[in-house]
Every structure is written in C-alpha cells, then in structure tokens.
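Please walk me through this model, from its strand pairing to its core and its charged contacts.

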Amino acid sequence: MNETMVCAVGRVATQPVYREMASGPSARFRLAVTARYWDREKNTWTDGHTNFFTVWANRQLATNTAASLTVGEPVIVQGRLKVRTDVREGQSWTSADIDAVAIGHDLAWGTAAFRRAAKADVTPSPAPPEPNWETPPEGSAGPPQPHVTAPALT
C-alpha cells in the first residue's frame, strides 16, 4: 500500500485533546513547523513560513500523548500525511493532517526521562526505597554501604 509517510519537527501549538471513542482512545493537537534560514545580509537566523498540521494519535499513543505533551514543547512526529479539502460556508478549505505512528520530544532542545506506560491490568510495584547516604550505620567504621534491591522484571 502506498502511503505518504512524513517526519515533521516542530512545536506543540495547542494542548492535546483526549477523547475516549468507541474504537479506543484518540488524541489530537496542532503542530507548528517553522522553517528557519540563515540571512546573510542580517547575519542572523530568520524565521520563514510556518506550516500547521493537525496530529492525530490513537490507542496507547493517544493516551501517552495526552499525558506527555504541553503547548510549546519541541516534538518530532512521524506518520501518514493526509491532505483534505473541504467546503465550509461556501469557502474551500485545505488542511494537512498527520496520522501519527510515533511522537517524541526533540532532544536537541532539552532532556526527557522515559517512563514505560503501565499496563491496564497490572498494578505497578512500588519503587524500592532510596538508600540513606547521609548517616553511617551505628558501629560501622567506614562509609555507609547502600543495600539496593533490583525490582522484579515482569
């Protein structure tokens, strides 16, 4: 099947809207993608035209999108491009949508901490307590030796 796959790098323009649908969770947000170029005359970076895309996420991607993204954050979106033409109130409108396959933060602008989404039917086990690095155990002659247990893998 021939589909137009795109990878868009931009910023979240609207807060993701999350909905529970009959077919499963769905989320959408607007993505602003602004071209930047080096202006030799001004000796500075200049913003070019901004394209806006409506990004659609479904199922677990929708749930994770709604929990992870806020307006202004830099993101990378990969998915199927769908260009729609519509007539509203006598005017022709064209919109570009991306049916997302993957969405992530753009780490060129900052850091992120990945957390695996918990499965719906499994209750997550509590994290082991942090070792106390401040006070040595009574009667010990050296620095404290932390006792760290690894969480069980499921």
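**Strands, core and salt bridges**

β5 and β6 pair in the antiparallel sense, with 14 bridges between them; two strands are called paired if DSSP finds at least two bridges between them. Helices (H or I, at least four residues) and strands (E, at least two) are DSSP runs, numbered from the N terminus. The model is a predicted one, in which local features need pLDDT of at least 70 and side-chain atom pairs count only at pLDDT 80 or more, while totals for chains, interfaces and linings use all residues. Residues are numbered from 1 along each chain as its sequence is written, and side-chain values use heavy atoms, with hydrogens and water left out.

The β5 and β6 strands form a hairpin with two residues between them. In its turn, glutamate 89 has a positive phi of about 50 degrees. Within the pairing, valine 77 has isoleucine 103 of β6 as its bridge partner. β6 also pairs with β4, here in parallel and through three bridges. Tryptophan 56 has its bridge partner in β6 too, namely aspartate 99.

The chain as a whole contains one helix and six strands, arranged along the sequence as β-β-β-β-α-β-β. Among its contacts (heavy atoms within 4.5 Å) with a separation of 6 or more, 54% are between residues 24 or more positions apart. The chain has 154 residues, of which 22% count as buried. Buried means under 20% relative accessible area, exposed means over 50%, and partly exposed lies in between (1.4 Å probe, protein chains only).

A nonpolar core is a set of buried Ala, Val, Leu, Ile, Met, Phe, Trp, Tyr and Cys residues joined through side-chain atoms within 4.5 Å. The largest one here has 17 residues, and those with the most contacts inside it are Phe29, Leu31, Val55, Val77 and Ile103. At least two residues of this core come from each of β1 (5-12), β3 (24-39), β4 (44-58), β5 (74-88) and β6 (91-105). What does phenylalanine 29 contact, leaving aside its neighbours within four places in sequence? Its contacts are Val12, Thr14, Gln15, Pro16, Phe53, Thr54, Val55, Thr65, Leu69, Val77 and Ile103.

Turning to charged side chains, the whole structure has six salt bridges, each a side-chain nitrogen of Lys or Arg within 4 Å of a carboxyl oxygen of Asp or Glu. One of them joins arginine 36 and aspartate 47, at 2.5 Å from N to O. This pair links distant parts of the chain, with arginine 36 in strand β3 and aspartate 47 in strand β4, 11 residues apart. Arginine 36 is partly exposed at 49% relative accessible area, and aspartate 47 is partly exposed at 49%.

Aspartate 99 forms a salt bridge with lysine 82, with 3.9 Å between the closest N and O atoms. These two residues lie 17 positions apart, aspartate 99 in strand β6 and lysine 82 in strand β5. Aspartate 99 counts as buried because its relative accessibility is 15%, whereas lysine 82, at 43%, is partly exposed.

Arginine 88 and aspartate 86 also meet in a salt bridge, at 3.3 Å from N to O. Salt bridges with shared partners join Glu3, Arg80, Lys82 and Asp99 into one network.
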